[in-house]
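Welcome, and please have your viewer ready. We will go from one selection to the next, with a short note on what is there at each stop.

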Amino acid sequence: MSAQKKVAFYTLGCKLNFSETSTIARNFQNEGFDRVDFNEIADIYVINTCSVTDNADKRFKTIVKNALKQNENAFLIAIGCYAQLKPEELAAVDGVDMVLGATEKFKVTDYINDLSKNEMGEVHSCEIEDADFYVGSYSIGDRTRAFLKVQDGCDYKCTYCTIPLARGISRSDELNNVLKNAKEISEKGIKEIVLTGVNIGDYGKGEFGNKKHEHTFFELVEALDKVDGIHRLRISSIEPNLLKNETIEFVANSNSFVPHFHIPLQSGSDELLKLMKRRYLTDTYNSRVSAIKKAMPNACIGVDVIIGFPGETDELFLETYNYLNQLDISYLHVFTYSERPNTEAIEMEGVVPQKVRAKRSKMLRGLSVKKRRAFYESQIGNNLTVLFESENKEGFIHGFTENYVKVKTPWNPELVNTLHSIKLTEIDNDGIVRFDWVKVPTFI
């Protein structure tokens, strides 16, 4: 391959996908490719797909069209969860040349011998049972924080979810490799690392998915806290039944772990949690929230919730709404249930009409705005630390405090990727918080 070949990437979906795209991009660069933005002309476009929502499926076609507008002769490759679940469907989309499944995506450069367009997308995908080895990855260069993958796959059998079908069994990176990656990230001057995976609380299941836990999630947290040069570590999303008190206590007293937890709930109704085959009920969730708030009164707690699951009557939806309304949480990620082939839920009775789903979703999004506002108000007057992002947004630079309050100040490029002590003063009209400097940076 000549050094002039250009490759561009587009990522749909979760933080895990971002970390994997970044690693695959580095593989291309090691092979002599130049990485360019997706809206620039490239020889190869790689689209990392997601299958969690309908929306992600539909967006794929639009993204393909946009790539071909840049270069109609470009070689298009689809990877990721949707590529594993429905390879033939993606291969049939006009302009797609290659589809790689769960085990093949990390070897993408091995499959590119010839960049001439194919009549029909070529499919290289595995049976998901073969996805039993672990490939570590992390994202850098895209953001001021890095996403560090520590775990992949899932052994849970939630009735709405295709992730086990798309990513295979639960398996983890070796602890030494995670620490090596964390060190590499810190040496590049990145101030924050977000731990990511499909089910990170399950960390420790062997590299090949064997059930023996080499290390626990708690041991991983302890070891990462000792890595030099990392200013902030954030736990992205962890199941309530796997978030143990020892981890909460450790984070409360840690050098680098920040007081921010994202804990999937999915429903505030025990009846629906049982139908979803979740591994906890609301009592467990209550105790997790209480333990966090007791150890860290200013902690930020984010919640995933699904509305419109089969059997969700008006009464059960209100049970969820009222449950979340009284819970001491900071914001919601609201997902509208969407039917997925090969899941148990698709056979269930009590299908909720789309209009009702949309209305319920709107109600919970409104509740999320209210919760976030109340959390921000509770933080006014507090001294916190901000890490500034790299974008100029209408003349302002934004950043996040350790407990995930979004703040802004007039744009100054010297603030990018720097940490500063600030005192929160007021919430602006756009819902973002203004602040005073505890110590004004010398360049301001």
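Start by selecting Arg373, which counts as partly exposed because its relative accessibility is 39% (buried means under 20% relative accessible area, exposed over 50%, partly exposed in between, with a 1.4 Å probe and protein chains only). Before going on, note that this is a predicted model, in which local features need pLDDT of at least 70 and side-chain atom pairs count only at pLDDT 80 or more, while totals for chains, interfaces and linings use all residues. Residues are numbered from 1 along each chain as its sequence is written, and side-chain values use heavy atoms, with hydrogens and water left out.

Arg373 and Glu377 form a salt bridge, with 3.2 Å between the closest N and O atoms (a side-chain nitrogen of Lys or Arg within 4 Å of a carboxyl oxygen of Asp or Glu). Both residues belong to helix 13 (residues 354-379) and are 4 residues apart, about one turn of the helix. Helices (H or I, at least four residues) and strands (E, at least two) are DSSP runs, numbered from the N terminus.

Next, select Lys149 and Glu20, whose side chains meet in a salt bridge (2.6 Å, N to O). Lys149 is in strand 7 (residues 145-149) and Glu20 in helix 1 (residues 15-30), so this pair ties together parts 129 residues apart in sequence. Both Lys149 and Glu20 are buried.

Move on to Lys205 and Asp155, which meet in a salt bridge of 2.7 Å, N to O. Lys205 lies in the loop between strand 10 (192-196) and helix 8 (217-224), and Asp155 in the loop between strand 8 (151-152) and helix 6 (163-167), so the pair ties together parts that are 50 residues apart in sequence. Lys205 counts as buried at 11% relative accessibility, and Asp155 is buried with a relative accessible area of 12%. The count of salt bridges comes to 23.

Finally, show the open sheet of 3 strands, with the order 12-13-14 and parallel pairing (two strands pair if DSSP finds at least two bridges between them). Strand 12 (260-266) and strand 14 (331-336) stand at the edges with a single partner strand each, so one side of each has no neighbour in the sheet. Zoom in on strand 12 and strand 13 (residues 300-307), which run parallel and are joined by 6 bridges. Where does Ile263 find its bridge partner in strand 13? Select Val303 to see that partner.
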